[in-house]
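Me: I have a two-chain model open and would like to talk through how its parts pack. Can we start with the domains and move on from there?
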Amino acid sequence: MYNFEFAKPSSIAEAVEALGHDEAQALGGGQTLLPTMKQRLAAPATLVSLNGISEMIGVCVNDAGEVCIGGATPHATVAREAQAQYPALAALANRIGDPAVRSRGTIGGSLANNDPSACYPAAALGSGATIKTNTRDIAADDYFQGMFETALEEGEIITEVRFPVPEKANYQKFVQPASRFALVGVFVAKFADGVRVAVTGASSNGVFRWAEAEAALSADFSKAAVEGLSAPAGDMISDLHGSGDYRAHLVKVMTGRAVAAAG
Amino acid sequence: MTQVTMTVNGKPVSGDVEGRTLLAEFLREGLRLTGTHVGCDTSQCGACVVHVNGTAIKSCTALAADLDGAEVVTIEGMANPDGSLSTIQQAFQDHHGLQCGFCTPGMVMSAAALLKENPKPSEHEIREYLEGNICRCTGYHNIVKAIMAASGQDVSAIAAE
């Protein structure tokens, strides 16, 4: 990879300042960014590590009962510390990549990158999470804007992600074993006022909500309610791992499994 | 260049690194600790796994400068103080848990991290934990057996397969 200046601020304010430089790029756990830089697909002039900002690391519960995760919190920490409050989220975190990747990769990095096959976008959109940055709060419904596209402005940092805790939830991931990303992943969350279904890995527009399944499951939260639906239409990813039709079919299958597993 | 200071295998070390210097490069080229192997350099294979502050990470996908102040343990730090093999290393030898040996440093480091978290893992748990460690000799069976044995469990049940 090309060389760069390295900065490791210890506060959000210092990080924002460092990111104000030309061609500066934030570094989370680096599990995607460093491989990308090795391939010379990214070549920032300055890399600003967010791993030294202690206020951005950790899991807690706020007064509204939301699980709040610091933007620089590694997946392994979420898997461990969110288990009691939000087991479906902890289980999702515990199946990202492999154990060594989970020690390093962070929730903020994953959401900022918004890989169309990443797991965390499904949890954030499926839970109706709030993405808190150094400047504002962004609802998950407004945050994800297509493959690798988000509402983040240049230099904006995800400082925290707040997850409302559903009555029931489950994430089903059909793993693409070589990459360990989701070939298709479906996050189902049942709240008192309705069900949310978020799908990752399938659409070339990135994570999306499957409205038909949400309506059907809000009326009847059962696997049978999903079986009556036709597979979602839309711009499905088609590649050597699976055709668009295959992915669309998998969305329906994984949604049914998630509902069954959520109980 | 940035100066970094770490504790590696219990010893304080320091050195000048570029921003882009990977932990694996710092260990291998800076400190000449070549037991940590770089297989794929794309964070897929796990040959480069080391422990940083007690957790297993892929040293090919972490910057040395980002780990200033860290406590690092590599395969060179795994033997007992008297130089004899640690329980896990001995189990790999006893159960033929290596063939060409290239993946072995990462396998041993991952195994040590697993047994710290989960002292009596099932065969399934071991296989799941080793998802990020690839053995191109495909010698997984004896690696799993070695880790089972290192955790003090009976391996006769998986011996015949």
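Predicted model: local features only at pLDDT ≥ 70, side-chain atom pairs only at ≥ 80, totals over all residues.

Me: What about the domains of chain A, how far apart are their centres?

Reply: Chain A is assigned a domain 1 (5-163) and a domain 2 (168-262), and 23 Å separate their centres, again taken over C-alpha atoms. In the contact, 21 residues of domain 1 of chain A meet 25 residues of domain 2 of chain A. On the domain 1 side, α4 (87-93) and α7 (120-127) of chain A each supply at least two residues, and the largest share, six residues, comes from α7(A). That side of domain 1 of chain A divides into twelve nonpolar, seven polar and two charged residues.

Me: Switching to the contact between the chains, how many residues does each one give?

Reply: Chain A gives 23 residues and chain B gives 23 residues. On the side of chain A that touches chain B, the elements giving two or more residues are β1 (5-7), α2 (33-38), β3 (46-49) and α5 (99-104) of chain A, with α5(A) contributing the largest share, five residues. The residues on that side of chain A comprise ten nonpolar, seven polar and six charged.

Me: And what are the confidence scores?

Reply: The model has an ipTM of 0.94 and a pTM of 0.95. For chain B the average pLDDT is 96, and 98% of the residues score at least 70.

Me: Now the helices of chain B: at what angle do α2 and α5 cross?

Reply: Helix α2 (residues 87-94) and helix α5 (residues 140-150) of chain B cross at roughly 135°, and their axes come within 8 Å. Angles over 145 degrees would count as roughly antiparallel and 65 to 115 as roughly perpendicular, and α2(B) and α5(B) are therefore oblique to each other. The crossing of α2(B) with α5(B) is right-handed.

Me: Which residues meet there?

Reply: From α2(B), B:T87, B:I88, B:A91, B:F92 and B:D94 meet B:A146, B:A149 and B:A150 of α5(B). The residues of this contact of α2(B) with α5(B) are six nonpolar, one polar and one charged.

Me: How does α2 of chain B pack against α3?

Reply: The axes of α2(B) and helix α3 (residues 104-117) of chain B are 10 Å apart, and the two helices pack at an angle of about 125°. By the angle, α2(B) and α3(B) are therefore oblique to each other, and their crossing is right-handed. Here B:I88, B:Q89 and B:F92 in α2(B) meet B:T104, B:V108, B:A111 and B:A112 in α3(B). The contact of α2(B) with α3(B) has five nonpolar and two polar residues, and no charged ones.

Notes:
Residues numbered from 1 in each chain as written. Chains lettered and ligands numbered in written order. Axes fitted to C-alpha atoms, helices over the stretch in contact; angles between N-to-C directions. Helix = DSSP H or I, 4+ residues; strand = E, 2+ residues; numbered from the N terminus. Parallel < 35°, antiparallel > 145°, perpendicular 65-115°, else oblique. Left-handed = near helix turned anticlockwise from the far one by under 90°. Contact = placed C-beta atoms within 7 Å. Nonpolar A, V, L, I, M, F, W, Y, C, P; charged D, E, K, R; others polar. pLDDT = per-residue confidence, 0-100. Domains from an automatic or database assignment.
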